[in-house]
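Me: I would like to learn how to read the features of a structure, one at a time. Could you give the general idea first and then the case at hand?

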Amino acid sequence: MCFAKLVSMANAVAKTQWANSSSSIPSLVRSISSLLQATKKNPQQGEDCHCLNEFAPKLNTRVVLEVIKAQEDVDLALRFFQWAGRQTPHFKHNTHSYSAIMHHLISHGQLYTAEIILKQSGVCTDFVLCKFIKGYGDAGNINGAIHWFHRMKAMRMKQTVFSYNTLLGVLVKDNNVRLAQTFFNQMISDGISPDVSTYTTLIKGLCKSGLVDDAKNLFENMICKPNIITYNTLIDGLCKKGYLSEAAEVFDEMLRKKELMPDTVTYTTLINGYCQQGKVDQAMKYLEQMIKDDCQPNVLTFNAVINGLCNAGNVEEARNMMTQMLLSGGKADVVTYSTIIKGLCAEGKIEDAMEVLNDMTKKELCPNAITYGSIVSGHCSRGTVNDGIKVFDEMLEKGLVPNIRTYNLLISALCEEGEIDKARNLLSQMPTKGCMPNFVAFNTVLCGLCKHGQRMSEAEELMKTMFCKGHPPDATTYSVMIMGYCKKGDAEKALEIFDEMSEKGFSLGLENGSAVIGWLCKESKASKAKIILDGMRKMGNAPDTAIYTHVLHALCKEGMLHEANTVLDDVVKNGGVPDLETYRTLIEGFSRKGQMLQALKLLRAMLKEDCLLEINTCSTLINGFCSKQQVPEAYMLVSLLLDKDYISYSDIYSVFISALCRSGNVNEALKAFNQSVSKGCAPDTETCKILVDTLHSAGRIKEAQTVLTKLSHDGSNENSVTERNEI
């Protein structure tokens, strides 16, 4: 339809309406708005709004205000405003029309155009300038809002409680409560008395910032009476901070003063606070009091209680509460049903949850992403991840966008089931479905890839993608990568990742560190295990003695005794107490290599720590000294052991004499035998047999007989030795 015809039709309608009722302003507004819409379709012909000229005689302030207010398109409102301004003598803009168009422009973010209108109008009222302060605040331009506040003085306008309240509202909305306090103090200095709106705004800001003590102090020092909004704001702040007893005190103060009675918001806020803290019984008492005081609970009140009951595991009681709400004439909303569904799924009652979902849809309530997400979560917890995926797909079909928690639960469940490819596909689909993956999503898939160590190239690519998406790896990421390369058998790459991890200030946790070190030791890569161990210690994540011992034993096994000894020193420096097995392993290692002095040093340390000695450890050392013909050192060791009285003298002499015999030190063996007999601790039968055999072999028959004689006098089993010797 052509523009001229539209204009003709609109004018005809308008004339008919005027004929029927000259005071039909709503009809007139609709007619003008209709023509303005037509000019939007044909801007060249309608730019000057000549089509509206026939309406000029009917213009007045009310009509102009109503037409401006009716325009959703701010450009059309401005076009009409400019046309109306040209309709002299029928109409001339005044303070009201200027204020209306500026308000319309500011509310649509066209602050610059509104400022031009302000300059043209000369209208500088407190109300108008406060619109600019709020407009700049809503646009996120706090400096602009403050500038307009100070501009009032430049325009020789006195700042009022209204202008201060407007600025405080902007600052509180921006969470800039400290600056709000500064302007509040300035307000007092300027001699402007705060009103209840001032106090309520600042109390709200303090509570939002967690400064509830300051908020309570401000409340207690108000110079005007608080209203119900003030009380509710403070109670809400105290409840959110967990200060329930203080919130109850403020509530009791309301009841005591009887100037203001708690309303539905007051009760609901307090009930929700107690439910959030798990104190459902106390919340129920307030609900009972609420009903007793003829204060009608609303759906938010019931939802708070239902949520508290579900969180406490009382889902059946929560369902009864919903029934009670419905019977009392209340209407359950999406939140009510979703809360019940979440509670049922948490208990594994997914079939019951599905029944509630069906009931919900029958009542023409549309489940949202949270509703479906709870059911997906329930399936994941129960291990029926495939059913969870079906519910997830149903969400997508309904055009719902799953939240990040739902995605993370599904990805984790798939990885636990070993469905890594499905988890990767889900991860890659997230951006296209309107949900960007977070660190947890990436890291979960990466852990799945590293789990068996065979997909490390894919894991590396994913880690690069994580970094590019703004999620740099953390200690967990690096740890699973190191574990993955260990499982793959690539120790060099594992160490490379470990070095990168250390350079970035991350340390390998004890659990993962122990696992990596254990694998390296098992694979006979003790030197690399020591590198990991040293790195963990340098990063301040000192392993426990068990990890040190594991590395130490592996080093000994691979013949790296000096490195093992260094590890032992670290154990002692860190306050650890090496166990008997650790000392034994090192002593045997040094003894096998003939490094007897080092072995003796370890024995002395062992005795210093009051470790319980074993005869096998002593035997290793004594045999080592004797085999190297270091008999004086062997004697010194025997004397040391005899002084400590840890092992029976007989056992010590038995080991010593046997070692001397095997090393060809027959004279010393005989000397040791005589000492043992004189001390009443003759060696065992096997040792005596070895000594007698050795003497016989050396042709020293008489001395062998002397040994047997001494044994008989000592009460030892001479016959046993003789019989075995004859055999």
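Reply: Let us begin with exposure: a residue is called buried under 20% relative accessible area, exposed over 50%, and partly exposed in between, with a 1.4 Å probe and protein chains only. Asp387, at 31% relative accessibility, therefore counts as partly exposed, whereas Lys390, with a relative accessible area of 58%, is exposed. The model is predicted, so that local features need pLDDT of at least 70 and side-chain atom pairs count only at pLDDT 80 or more, while totals for chains, interfaces and linings use all residues. Residues are numbered from 1 along each chain as its sequence is written, and side-chain values use heavy atoms, with hydrogens and water left out.

Me: How many helices and strands does the secondary structure of the protein come to?

Reply: Helices (H or I, at least four residues) and strands (E, at least two) are DSSP runs, numbered from the N terminus. Here the secondary structure comes to 42 helices and zero strands.

Me: What is the radius of gyration of the protein, and what does the globule rule give for 727 residues?

Reply: The radius of gyration is taken over C-alpha atoms, and the globule rule is 2.2 Å times the number of residues to the power 0.38. For this protein the radius of gyration is 45 Å, well over the 27 Å that the rule gives for 727 residues, so the protein is more spread out than a compact globule. Along its principal axes, the C-alpha trace spans about 155 × 65 × 60 Å.

Me: What share of the 727 residues is buried, and what share of the contacts with a separation of 6 or more comes from residues 24 or more positions apart?

Reply: Buried residues make up 48% of the 727 residues. A contact means heavy atoms within 4.5 Å, and of the contacts with a separation of 6 or more, 60% are between residues 24 or more positions apart.

Me: Which residues does Ala459 contact, leaving aside its neighbours within four places in sequence?

Reply: Ala459 lies in helix H27 (residues 456-468) and, at 0% relative accessibility, counts as buried. With those neighbours left aside, Ala459 is in contact with Leu446, Leu449, Cys450 and Met481. Ile497, in helix H29 (residues 491-503), is likewise a buried residue, at 4% relative accessibility. Not counting residues up to four places away in sequence, Ile497 touches Tyr478, Met481, Ile482 and Tyr485.

Me: How many salt bridges does the structure hold, and where do Asp387 and Lys390 lie?

Reply: A salt bridge is a side-chain nitrogen of Lys or Arg within 4 Å of a carboxyl oxygen of Asp or Glu, and the structure holds 24 salt bridges. Asp387 forms one with Lys390, the closest N and O atoms being 4.0 Å apart; both residues lie in helix H23 (residues 385-397), three residues apart, about one turn of the helix. Lys349 forms a salt bridge with Glu347, with the closest N and O atoms 3.3 Å apart; Lys349 is partly exposed at 31% relative accessibility, and Glu347 is also partly exposed, with a relative accessible area of 35%. In a further pair, Lys504 forms a salt bridge with Glu500, where the closest N and O atoms are 3.8 Å apart. Salt bridges that share partners join Asp421, Arg424, Arg455 and Glu458 into one network.

Me: Which peptide bond is cis, and what is the phi of Asn175 and of Lys258?

Reply: The peptide bond from Thr88 to Pro89 is cis, with omega near 10°, and Pro89 is found in the loop between helix H5 (74-85) and helix H6 (95-107). Asn175 has a positive phi of about 60° although it is not a glycine, and Asn175 lies in the loop between helix H10 (161-173) and helix H11 (177-189). Lys258, also not a glycine, has a positive phi near 60°; its place is in the loop between helix H15 (244-257) and helix H16 (264-276), and Lys258 is exposed, with a relative accessible area of 66%.
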